[in-house]
Amino acid sequence: MSEGADDDGGAGAAARSRGGSPRGDGFSPSALGTREHWDAVYERELQTFQEYGDTGEIWFGEESMTRLIRWMQKHKIPLDASVLDIGTGNGVFLVELAKFGFSNITGIDYSPSAIQLSGNIIEKEGLSNIKLKDLNFLKSCGHPGSALEADLETV
Ligand SMILES: C[S@@+](CC[C@H](N)C(=O)[O-])C[C@H]1O[C@@H](n2cnc3c(N)ncnc32)[C@H](O)[C@@H]1O
């Protein structure tokens, strides 16, 4: 399993630097903010998983998952609390949460290939009871009665 945002043959760095000049708010547009980018990334990662069993990149590194779980422990988040992983990617954080004992977890991602990949990885890990949904968080959260509100009790 590869780790870290730059362990992608330079594709991540290239995507981060693409974009152009800053807008009025000082931020430059980035390919990382487009669904096309993530669809392409996870189509490739899904194919790699199917061919070689490699679960792919953990964007913020293993350590970020450990830190989050430590934070949840410190703040005594109950193991049956509903937890929503927004932009779950390959779903490895869901796997970590489930292995730690969290029982009410959901991952959403707007890339269908990411959802397929995370489903495959969860199945390979022999875990059940993890909910996955192909959903655009930004589109859903602004609309009352959206799929997010209807299907997830978490927000
Ligand atoms: C940097 S990757 C992180 C993936 C994973 N959480 C990890 O740590 O490896 C960002 C993820 O967010 C997803 N994403 C970005 N914008 C989204 C949106 N508006 N709704 C749902 N998913 C989104 C992308 O498809 C991608 O899987």
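1. A word on terms to start: a helix axis here is a line fitted to C-alpha atoms over the stretch in contact, and angles run from 0 to 180 degrees between N-to-C directions. Please keep in mind that this is a predicted model.

2. Let's begin with helix α2 (residues 35–52) and helix α5 (residues 112–124), whose axes come within 7 Å and cross at roughly 30°. Angles under 35 degrees count as roughly parallel, and α2 and α5 are therefore roughly parallel to each other. Their crossing is left-handed.

3. Which residues make this contact? From α2 come Arg35, Asp39, Tyr42, Glu43, Glu45, Leu46, Phe49 and Gln50, while α5 supplies Pro112, Ser113, Ala114, Gln116, Leu117, Asn120, Ile121 and Lys124. By type, the residues where α2 meets α5 comprise seven nonpolar, four polar and five charged.

4. Next, the pair α3 and α4. The axes of helix α3 (residues 61–74) and helix α4 (residues 92–100) come within 11 Å, with a crossing angle of roughly 40°. That angle makes α3 oblique to α4. The crossing of α3 and α4 is right-handed.

5. On the α3 side of this second contact you will find Met65, Leu68, Ile69, Met72 and Gln73, and they meet Val92, Phe93, Glu96, Leu97 and Phe100 in α4. The residues of the α3 contact with α4 divide into eight nonpolar, one polar and one charged.

6. For Phe137, the distance from a ligand nitrogen atom to a polar backbone atom is 2.9 Å. Tyr110 also has a polar backbone atom 3.2 Å from a nitrogen atom of the ligand.

Technical notes: Residues are numbered from 1 along each chain as its sequence is written. This is a predicted model: local features need pLDDT of at least 70, side-chain atom pairs count only at pLDDT 80 or more; totals for chains, interfaces and linings use all residues. Side-chain values use heavy atoms; hydrogens and water are left out. Helices (H or I, at least four residues) and strands (E, at least two) are DSSP runs, numbered from the N terminus. Angles under 35 degrees count as roughly parallel, over 145 as roughly antiparallel, 65 to 115 as roughly perpendicular and the rest as oblique. A crossing is left-handed if the near helix is turned anticlockwise from the far one by less than a right angle, and right-handed if clockwise. Contact means heavy atoms within 4.5 Å. Ala, Val, Leu, Ile, Met, Phe, Trp, Tyr, Cys and Pro count as nonpolar, Asp, Glu, Lys and Arg as charged, and the others, Gly among them, as polar. A polar contact is a pair of N or O atoms within 3.5 Å; within protein, one must be able to donate a hydrogen and the other to accept it, and residues adjacent in sequence count only if both atoms are side-chain atoms.
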